[in-house]
Amino acid sequence: MRNSIRNLGILAHVDAGKTTLTERFLYLTGAIHKRGEVHDGTTVTDFDPQERARGITISSAAVSCRWAGHRLNLIDTPGHVDFADEVERALRVLDGAVAVFDAVAGVEPQSESVWRQADRHGVPRLAFVNKLDRAGADLDAAVDSLRTRLGTVPLLVQLPIGREDAFTGVVDLVRMRAYVWPAGSGTYTPGPVPDGLRDEAARRRQELAETVAALHPAALEEFCASGTLTADTLAAALRDLTLSREAVVVLCGSAYRDRGVEPLLDAVVAYLPAPADRPPVRGERPADPDAPLTALAFKVTTTPTGRMTYLRLYAGTLRKGDTVLDSTTGRTERIARILRVQADRTTEADRAEAGDIVAVVGPKTARTGATLCAPGAPVLLEPPVSADPVVSVAVEARHGRDTERLAGALARLTEEDPSLTARTDPESGQTVLSGLGELHLEVAVERLRRTHDLDVTVGRPRVAYRETPAGAVTGLTYRHVKQDGGAGQFAVVVIDVAPLEEGEEPSDYVFRSAVTGGRVPQEFVRAVEAGCRDALAEGPLGGHPVTGVRVTLTDGATHVKDSSELAFRTAGRLALREALRTAGTTLLEPVAEVTVTAPESTVGTVLGDLTARRGRITDSTGQSGTAVLTATVPLAALFGYATHLRSRTQGRATFTTRPAGYAPTA
């Protein structure tokens with residue numbers, strides 16, 4: 001059973017065709033009986049009204065289908081940078097992924113970002129070069145961009161039959177068979193390799209065999225003996241290289257034209273891992289239905305029928321009516337219903353086993369990242385990490401009577417999407433909603449209006465600034481002495497403070513102790529570290545969080561009676577505050593990498609506008625009358641840029657962004 005499951009995500013840059021590909025998966029596997037289209041707003045996974053109106057995926061959608069005796073649990077993830085946190089949560093629970101690339105554009109900014117996310121989670125991938133029917137499609141250039149921009153070893157296992165509008169099928173280089181999709185048929189016809197492609201197919205297969213042999217010891221042995229690889233040896237080696245992430249199998253096609261999808265489904269089953277192929281969770285619980293229950297909540301939604309929690313089961317079996325432990329909070333929860341999810345539709349199940357992805361109804365307090373486990377065998381899994389918000393808007397109910405409803409609606413929004421935060425500004429008393437981008441907040445506010453029927457007013461977006469030390473301070477001594485009757489507080493700390501050096505691993509805070517001779521006991525050193533971390537919450541320049549700080553504790557003193565962890569934590573906090581005031585801080589603002597694709601005739605206009613927005617041009621390329629400009633621009637200068645760019649280029653230019661960290665303000 002466990003080997004017949006594939007948990008995979010569909011990853012891509014926005015508009016690369018991943019939702020269309022997911023729709024074709026569902027149609028060809030018989031999960032749906034009519035194909036939907038993104039431009040018509042009729043796809044299964046883009047069921048939210050905003051997704052259909054905007055033509056993009058906003059929330060990850062889970063669906064299931066069956067192919068070749070295997071159950072495929074798919075998650076269609078967003079391709080827009082503002083919803084990258086949805087991708088992060090999905091990758092945390094997936095065993096494999098299909099990365100979709102545009103045959104014209106190759107690797108694009110967000111496809112590179114999601115690829116790096118998958119690298120961090122160790123997720124094996126297949127690559128699918130889509131839209132081979134488009135004018136300007138170039139499979140070799142797209143594959144080369146995988147090699148140069150992603151640093152991977154692409155193993156192209158197919159050769160296209162025909163180019164652009166004449167693209168009709170593919171040659172399978174593993175089995176040396178051709179698959180052709182006649183116009184209007186919807187199904188492929190297998191056959192021999194066309195005469196006109198026989199020599200090229202033979203050459204490409206030999207190149208594939210040589211590359212695989214260089215990476216795989218067993219394949220190398222056969223290659224040295226015979227000068228080639230059998231189909232079975234090649235397929236087995238491709239699976240091994242995929243699972244070890246030493247290389248990436250590349251397939252091609254056109255999802256919109258229904259060409260190349262069935263071989264991709266075959267490749268998912270053949271090359272991507274089953275739950276049992278992945279390392280045991282926490283190194284101790286294998287994907288075994290007889291092991292103690294271990295599950296991770298990776299998504300929470302509120303529906304008209306109640307609260308639904310999405311789970312990935314890593315070990316054990318979950319049955320309807322079971323009582324489970326939320327080891328994050330220590331509370332027990334009862335599982336009232338188990339649901340198989342098909343986007344916005346569900347079917348009930350009596351049980352779920354290790355490897356399954358399901359939704360459950362019943363848990364009332366479990367949040368995203370919670371571990372649900374057997375009460376008698378508690379375990380705590382690492383939760384998905386949410387990115388820090390970078391853009392904020394003030395949100396207020398237009399009518400005073402709706403203030404409490406707004407608070408409740410915001411609580412549900414932030415529960416469903418942990419990358420959103422809501423707080424009350426202590427100075428203005430306003431409710432501030434923060435997220436990962438302008439579009440992210442637009443979608444959240446629209447949900448308040450549509451889903452929760454609230455009339456709200458929204459302020460101008462603001463970015464989240466940071467501060468960093470402008471210089472270094474050496475040997476700052478802080479003496480914390482407090483005596484007000486009874487046991488007092490005594491702590492003396494000596495610290496060096498400096499900004500992190502350029503090229504060091506990005507970090508908010510690095511702390512180390514250079515104290516010798518036990519002058520500060522270890523438990524007090526930890527208290528100083530915690531106190532310094534407390535001080536980073538507000539910088540001296542504008543009360544913004546402080547980042548990029550190196551603190552070294554060099555000396556200190558204790559009192560036999562009055563020293564305590566509290567005293568040293570207080571001393572650490574106040575010492576670092578004083579050091580930051582002495583050194584001064586520099587204000588940092590979030591910046592984004594912007595890639596603009598525009599006709600060459602509008603390049604001057606686009607460049608001038610980016611420069612006016614304090615942008616720094618980092619790259620410029622051109623091809624066939626189209627220019628691609630890359631720049632680093634302050635995020636605050638990008639508010640409203642989409643509308644402005646359309647008006648300056650008569651709607652002929654497009655752009656994408658991705659976070660690029662923080663930089664000093666100009």
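The protein chain folds into 15 helices and 35 strands. Its radius of gyration is 28 Å, close to the 26 Å that the globule rule gives for 666 residues, so the chain is as compact as a globular protein of that length. This is a predicted model.

Turn next to the overall dimensions. Along the principal axes, the C-alpha trace of the protein chain spans about 95 × 65 × 65 Å. The accessible surface of the chain comes to about 28,900 Å². Carbon and sulfur atoms account for 49% of that surface.

Now look at the packing. Of the 666 residues, 54% count as buried, where buried means under 20% relative accessible area. The contacts tell of sequence separation. Take those between residues at least 6 apart in sequence: 72% of them join residues at least 24 apart.

Charge comes next. The protein chain carries 76 positive side chains and 85 negative ones. The centres of the two sets lie 3 Å apart.

Finally, zoom in on one element. Helix α1 covers residues 18-28. Is this helix mostly covered or mostly open? It is mostly covered, with nine of its 11 residues buried. Just after α1 comes G30, which takes a positive phi of about 85°.

Note on methods: Residues are numbered from 1 along each chain as its sequence is written. This is a predicted model: local features need pLDDT of at least 70, side-chain atom pairs count only at pLDDT 80 or more; totals for chains, interfaces and linings use all residues. Side-chain values use heavy atoms; hydrogens and water are left out. Helices (H or I, at least four residues) and strands (E, at least two) are DSSP runs, numbered from the N terminus. The radius of gyration is taken over C-alpha atoms; the globule rule is 2.2 Å times the number of residues to the power 0.38. Buried means under 20% relative accessible area, exposed over 50%, partly exposed in between (1.4 Å probe, protein chains only). Contact means heavy atoms within 4.5 Å. Accessible areas come from the Shrake-Rupley method with a 1.4 Å probe; for residues, only the protein chains shown count as cover. Lys and Arg count as positive and Asp and Glu as negative; His and the chain ends are not counted. The place of a charge is taken as NZ of Lys, CZ of Arg, CG of Asp or CD of Glu.
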